[in-house]
Structures are given as structure tokens and as C-alpha cells.
Amino acid sequence: LANYDRAIQLKPDYAEAYYNQGVTFGELKRYDDALANYDRAIQLKPDYAEAYKNKSLLKILLGEYEEGWSLYEWRWKGSQQKDFIRNFKQPLWLGEESIKDKKILIYTEQGLGDVIQFCRYIPMIEALAPKQIIFEVPKSLVSILSTINSKFSVVEQGVPIPEFDIHCAIMSLPHAFKTTVDRIPASIPYLYADVNKTKFWNKKLGIKTKPRIGLVWSGSTIHKNDNNRSLLLRQLEPLLKLPFEFHCLQKEIRPVDVEALNEYEKIHQHQDGLLDFSDTAALIESLDCVVSVDTSVAHLAGALGKKVFILLPFAPDYRWMTERADSPWYPTATLFRQSSPFDWDSNLADVTQELAAILI
């Protein structure tokens, strides 16, 4: 912060310094200061897409949804979104015009958890009477997203897309439907585990003698906030002392965790059986509760209507809002927030205490 102050002192019209200082304020949860910095950066540089985008995420975090989702459309003009831009000749749909009798393409962007969170809007699109909904999704999500209770065609990402009339990116749907905190479509479950796969897991796990807990302690290493959101497996040790049966829901185990995972014999490993998210969903269906960091499996558990405890870093992602222990997106989720940066110990102590209270 001091260095940014010095940079601004040397160059008062330095928009990038105001922007980066705003990011720092956000990480410190000094949200008013962060917004003031983004506004100053935009004042100095009216086409500053990244400042608009960060302001939008902060507005959503603070529950100011309508302004936040509207400003979020600036993401397409920033450098961080360039890998997701699709140059379709067909027009963009953001909820203004009728799509009755039109073929609409909904395509995915960003992370797998984002797709799981926002696919809930597909039935709302169907209610607008389009001729066809084409939903393009990553291969690992094809099976589980096919369980949405709606009429649409799933197309695997990378496969040629059928003809369509109009399109919308999945993360623009909250804006298209003018979503507010009070109008979040949160009827759960909206995804469903395959019955036969669930039977397979129930048989494989055998007769239940203890509560069964699913664990996810780390996410993708390429996630820009991974350093804040992921843990080492050994940090879960207080939780693992509970008299429960633990199941690893992670397909990928980091090298730093392999030795610890093999030492903790009470954690059942299933990496070879988790081929896609429909397998993970069926395993989750066989459990009593999921404990997860902020990653795609947490979204999956919430979408399935399973009880899920989500471990959040000090400065949470925009979707989790501030302070509250519940989520309007996932009614069965309980949020456990760090009281100070990187303090997972007290966070996990709260999780351990809560799990013991409800399951012992």
C-alpha cells in the first residue's frame, strides 16, 4: 500500500497504481477503499476494463447484484478474458429481446465450478419458449449437466456446434435475468446423481457403521487464487481425529500430499473411480456430508442438495458475499470463513466442532 501511495505521489494520473492498490484493499477486506480506488482508476482511464470488472465483482460480493452483474460484462474487454471470447456472427442475448422460437446457444466460460453454479438458469431459459437450447459444456461435465430437469441439447466443448440464432455466455445469465440476492434461483437439487452409479458406490463402500465425510482440501493449481484457497492435507489432522469414515473426493493429488494421504489410512481413496463429475456426484450421494475448500466439488455438492461445509479464505470469492455463514445460492451449504489471512487452524477447529455436534 505504501508503494502504491508513493507511485501515485510521483504520478497522480497513474490509473494502474490506483487499480492495483484497489486489489490490495480488497484482499484486506477494506471494500470501501477498494471501490474508491477502482472509481478513481476508471475516472483516469474511462475504458479500463479490468477496473470495471473488479468493481463488478466487489459489488456482487457486497450484494449489490444488479449493478454488479451489469458491470461484469466489461470482462470481455479485458485481457484476462481473451481466452474465452467467442466471435460468433449471431447476435448476443442479454435478456432484452424475446427468444421465442429461436435456437439459443449457452456456452461455458472460466472454471468448472462456475458452470455448475450457473447452469441452474437453463430451466429459466426454457420457460422463455425458445425453439432449442444448445448447451456447450466441458467433457467432464457432460454427464452430470445432462441431468438438469429441462429440454436442451448438450454439446461437448470442441465438437462442432449446431446452427443457432442467438447466444449467451453462462456467466452472463444472472445479468440477463436481472438476478438480485432475493431472486436467486435456488431450488435444489438441480443436478442429480446417476441411480446405477450411486448403487455401485453404495455397494463398494459397504455397510455404513460411521458417518461418511467427503474431503476436498485443494483445487486446481492454475487457479489464480489457489494460494489462498487450498490447504495441505496435514492441516486437516484435527478433523481426521473425529470417529468418522473419510473419503477423498479429489481426482488429482498434489505431490506434496501423496505421502500424507498414504499415511492417513482412514481416508478412503477413489481417484481411479472418478472418471467425470457424474462419478463424483454418485459418490457424494453415498456420503453424509462434504467438507471442501472453494472448488468445483463444493458447487457440485450444493447443486445436489447435499450438506456441504465450505472453507473460505479471509477475502472470499465474489459469490460467497460477506460475513454470513449461509449461501443464498446453496441452501444446504455452511460457510466457514477465516478470521485472519491464512488462519486455517481456527477455521478447521470450527468445522470439526460443528461436524461433531451434528453427527456424533
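Modeller: Ala, Val, Leu, Ile, Met, Phe, Trp, Tyr, Cys and Pro count as nonpolar, Asp, Glu, Lys and Arg as charged, and the others, Gly among them, as polar. This is a predicted model, in which local features need pLDDT of at least 70, side-chain atom pairs count only at pLDDT 80 or more, and totals for chains, interfaces and linings use all residues. Residues are numbered from 1 along each chain as its sequence is written, and side-chain values use heavy atoms, with hydrogens and water left out.

Biologist: How do the residues of the lining of the second largest pocket divide?

Modeller: Seven of them are nonpolar, two are polar and three are charged; among the lining residues are W74, W76, Y107 and H167. A pocket here is an open set of points on a 1 Å grid over the protein atoms alone, where a 1.4 Å probe fits, with protein on both sides within 12 Å along at least five of seven lines, and lining residues have an atom within 4 Å of a point.

Biologist: Switching topic, is R30 buried, exposed or partly exposed?

Modeller: R30 is partly exposed, because its relative accessible area is 38%, and buried would mean under 20%, exposed over 50%, with partly exposed in between (1.4 Å probe, protein chains only).

Biologist: And which residues does R30 contact, leaving aside neighbours within four places in sequence?

Modeller: Those are L1 and F25, where contact means heavy atoms within 4.5 Å.

Biologist: How far apart are the C-alpha atoms of R30 and K208?

Modeller: They are separated by 47 Å, with the two residues 178 apart along the chain.
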